[in-house]
Amino acid sequence: MKITAGMGSVEDYEMLVQAGADEIFCGYVPFDWNQKFGNLMPLNRREVMYYHVQVNVCEDMKLLANMMKDMHVPVAITLNALYYTEEQLKWIGDTILRLMELGFRDYIIADIGLVLYLRERRIPCYIHMSGEIGEWNEPAIRMIREICGQDAGSPQCKRIIFHRKNSIEDMESMIGAFEEKDMEYEAFLMNEMCHFTGGFCNSLHCDEMGYLCRVSYWLGTVRNGDAVPEKIMALQEQAWDQEPDLKAYDESGYLCGETGCGLCALYQLKQAGITHLKLVGRGNYVDHMEKDIRNLRTALDILEMAENEEKFQCTIKRTMFPNGCSGKCYYR
């Protein structure tokens with residue numbers, strides 16, 4: 001299995017590659033998109049300009065393309081919005097053609113309409129179907145394969161990215177439904193475990209307002225229109241009890257998988273047929289991302305030596321979490 005890591009700045013590319021990433025993914029939102037369409041019509045649902053979440057300048061993309069050619073680690077460009085207008089589709093198509101001239105062939109896409117538009121224009125890029133499309137079952141994968149097609153001179157579906165809420169059993173069932181082994185399959189593994197399903201989420205990640213997924217809220221029972229206080233307090237206390245022990249953090253304040261972790265599930269993911277592991281990290285501290293990649297590489301080395309799942313999980317917990325883990329498991 002290969003590691004695909006998120007990048008928020010061109011300056012981070014070399015560090016992430018040297019840490020052990022097999023692929024990089026990043027957003028690209030140039031100023032003319034914001035000037036023309038604004039933040040309320042996002043290009044990749046990360047419309048952030050005041051800190052490093054994506055690339056915003058064409059010259060940086062040229063620099064990234066040169067580094068990519070030198071270090072031979074590909075970069076996929078994210079286009080994660082759920083839909084685009086006709087005017088936006090033309091802008092995106094023209095931009096993809098310019099990026100392809102620089103050497104960027106892979107694009108993470110969530111909008112089926114954009115895929116059809118690229119087919120109509122016969123733009124021969126490689127498509128990673130984003131988890132934001134919300135693949136739930138085998139008919140969904142079949143539909144994606146049919147829409148993308150494999151025609152020479154047209155966009156080709158190279159990979160299916162499963163969304164966060166898919167169980168390992170679901171993914172294994174969808175992968176096993178096809179005799180053809182011509183597709184790559186990617187699963188979320190570390191960071192940003194969200195309680196929303198991306199395909200049904202219409203919130204924005206931008207500078208002007210707080211992210212909806214980080215707004216404080218209470219969980220509790222509602223009775224006759226009123227929340228029951230004692231139930232709310234009990235549930236909140238349970239949430240506090242699940243916070244990781246401070247001893248689990250290192251001196252720099254880092255904890256592997258602090259906001260979402262699937263390391264213990266690597267054995268099952270490999271058995272299910274997953275080929276790529278998504279390490280979310282756009283906007284994350286770059287030194288934390290470096291440690292995440294190195295830890296994941298160590299976990300994959302342990303996986304190669306493991307005789308069975310039980311021994312693998314014991315070694316992972318003993319080696320990587322001697323003082324405890326975050327408890328925020330992607331796959332229980």
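**Cavities, ring pairs and selected side chains**

The largest cavity in the structure has a volume of about 70 Å³. The structure is a predicted model, in which local features need pLDDT of at least 70 and side-chain atom pairs count only at pLDDT 80 or more, whereas totals for chains, interfaces and linings use all residues. Residues are numbered from 1 along each chain as its sequence is written, and side-chain values use heavy atoms, with hydrogens and water left out. A cavity is here a set of points, on a 1 Å grid over the protein atoms alone, where a 1.4 Å probe fits but cannot get out, and its lining residues have an atom within 4 Å of a point. Grid points are joined across faces, edges and corners, and the volume is the space filled by probe spheres set on the points.

Two cavities of 30 Å³ or more are present in the structure. The lining of the largest cavity consists of Tyr28, Leu43, Ile77, Leu79, Trp91, Ile92, Thr95, Ile96, Leu99 and Tyr107. Helices (H or I, at least four residues) and strands (E, at least two) are DSSP runs, numbered from the N terminus. The most is given by H4, which supplies five residues to the lining of the largest cavity. By class, this lining has nine nonpolar residues, one polar residue and no charged residues. In this classification Ala, Val, Leu, Ile, Met, Phe, Trp, Tyr, Cys and Pro count as nonpolar, Asp, Glu, Lys and Arg as charged, and the others, Gly among them, as polar.

The second largest cavity has a volume of about 30 Å³. Its lining is formed by Thr4, Glu23, Phe25, Ala76, Ile108, His128, Arg159, Ile161, Glu186 and Lys278. Strand E2 (23-27) and strand E6 (156-161) are the elements that give two or more residues to the lining of the second largest cavity. Four nonpolar, two polar and four charged residues make up this lining.

Aromatic rings were examined next. A pair of aromatic rings is described by the distance of the centres and the angle of the planes. Rings of Phe, Tyr and Trp (its six-membered ring) pair if their centres lie within 6.5 Å; planes under 30 degrees apart count as stacked, over 60 as edge-to-face and the rest as tilted. The structure holds six aromatic pairs. One of these is the tilted pair of Trp33 and Phe37, with 4.5 Å from centre to centre and 50 degrees between the planes. Both residues belong to helix H2 (residues 31-37), where Trp33 and Phe37 are four residues apart, about one turn of the helix. Trp33 and Phe37 are both buried, a term that means under 20% relative accessible area, with exposed meaning over 50% and partly exposed in between (1.4 Å probe, protein chains only).

Trp33 also pairs with Trp91: the ring centres are 4.9 Å apart and the planes stand at 65 degrees, so this pair is edge-to-face. Distant parts of the chain are linked by this pair, since Trp33 lies in helix H2 and Trp91 in helix H4, 58 residues apart. Trp33 counts as buried because its relative accessibility is 0%, and Trp91 likewise counts as buried at 11%.

A charge sits over a ring if NZ of Lys or CZ of Arg is within 6 Å of the ring centre and within 35 degrees of the ring normal. Lys158 lies over the face of Tyr126, at 5.2 Å from the ring centre. The face of Phe188 carries Lys278 at 5.8 Å from the ring centre, and Lys278 is also among the lining residues of the second largest cavity.

Asp106 is located in strand E4 (residues 106-109) and is buried because its relative accessible area is 8%. The side chain of Asp106 makes a polar contact of 2.9 Å with that of His128 and another of 3.0 Å with that of Lys158. A polar contact is a pair of N or O atoms within 3.5 Å; within protein, one must be able to donate a hydrogen and the other to accept it, and residues adjacent in sequence count only if both atoms are side-chain atoms.

Note on methods. 1 Å grid on protein atoms, 1.4 Å probe; cavity = no way out; pocket = protein on both sides within 12 Å on 5 of 7 lines; lining within 4 Å.
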